[in-house]
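My notes follow the structure.

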Amino acid sequence: MTFIHENPDWPNFIWDDAILSPKLAALRYAQGRIIGRMQALGFAYRQEAGLVALTDEIVKSSAIEGEHLGAAEVRSSIARRLGLEVGGLVPANRDVDGIVEMMIDATQNYMEPLTQERLFGWHAALFPTGRSGMRRITVGAWRTEAAGAMQVVSGPIGREKVHFEAPTANRLDGEMSRFLNWYNTPVEPARIDPVLKAAIAHFWFVTIHPFEDGNGRIARAIADMALARADGAPERFYSMSAQIEVERNAYYNRLEAAQRREMDLTPWLEWFLDCLERAFDRAEMTLQSVLEKDQFWQGANYHALNERQRHVLTRMLDNWQGYLNTSKYAKLAKCSNDTALRDIRELLAAGLLIQNPGGGRSTSYRLAAVDEMD
């Protein structure tokens, strides 16, 4: 069985521009639409949208590899590192802090060169204990010959199916030197679209598989870094990894199929562009939620709200489940039921809360939609 890195033409990739150009045009249109919507938000809400997207990216990139991180820990770690003032911060463990540190470096410092030392730092951040699970691994360095062949296999012992085998350890210095030189060399967009470069970088790095573990997460960080260059901004308003996690089977199937082809990457690039466009569609829904929150506060700020009212409204705008009643308000605002009822009546009069059908002990309230506000 011959893999793509064993081809004499490796890594002189080719692709069909006639197939990819229409997809790139549609992608750029969707990208412009998202950027336009972001510009309609205030600074604080642009920060919030970026925090949501980056949290999603980190949580889902780990989930693709079967590692489940707590979203609250990831969100808190990002907020602390970026100096964002958000509520509900919780402590984060070393594993969470490590992957957050890697992703922030990749996206915030996207114009800095990608170097061997930088990749070693990312890898060390991913594995702060020097172990992958119970197994000790080489950290902050390329895998060694002692680690054996780097294979992706499935099936019972004795009847394993080899899906992919990476280049041997003695090739890694040369392979990574060539990859990094290519990645850091500016290319005219007319020759390689920056988004295509992100897709190629992702595939190329995964094929080399230079580390004992963590290659998938680092490949996606490299792709995010390249996409930040394509966007010309460090803010992440969409999550490619969140969409890949939804399409995980197709993701692995496409990568495996590309390993067995000649140098034509068209099918992989086509899938990557389609997946990215679907990631933009997901981002539209997130941005719609943030935009509605921004519009709600624009209306609410016409009224003289006290701190209790602002606190409760903020909680209701943030993934609130169910309805509000007097006792819930009193608990959230740390006040008496009488004070809670007085606050609620003021919010009803301001058109910020709507009373649901029913009364008596079952009286409850919901937030007013933007088009219901006065």
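1. Ground rules. This is a predicted model, with residues numbered from 1 along each chain as its sequence is written. Local features need pLDDT of at least 70, side-chain atom pairs count only at pLDDT 80 or more, totals for chains, interfaces and linings use all residues, and side-chain values use heavy atoms, without hydrogens and water.

2. Terms. Spaces are found on a 1 Å grid over the protein atoms alone. In a cavity, a 1.4 Å probe fits but cannot get out. A pocket is an open set of points with protein on both sides within 12 Å along at least five of seven lines. Lining residues have an atom within 4 Å of a point. Points join across faces, edges and corners, and a volume is the space filled by probe spheres set on them.

3. The second largest pocket. Its space is about 490 Å³. It is lined by 21 residues, and E65, V152, V206, H209 and Y252 are the closest to its centre. β3 (151–154), β4 (161–165), α8 (215–231) and α10 (248–259) each give two or more residues. Helices (H or I, at least four residues) and strands (E, at least two) are DSSP runs, numbered from the N terminus. α10 gives the most, with five residues.

4. The cavity. The structure holds one cavity of 30 Å³ or more. The largest cavity has about 30 Å³ of space. Its lining includes L27, R28, V195 and F280. α1 (17–39) gives the most to this lining, with three residues.
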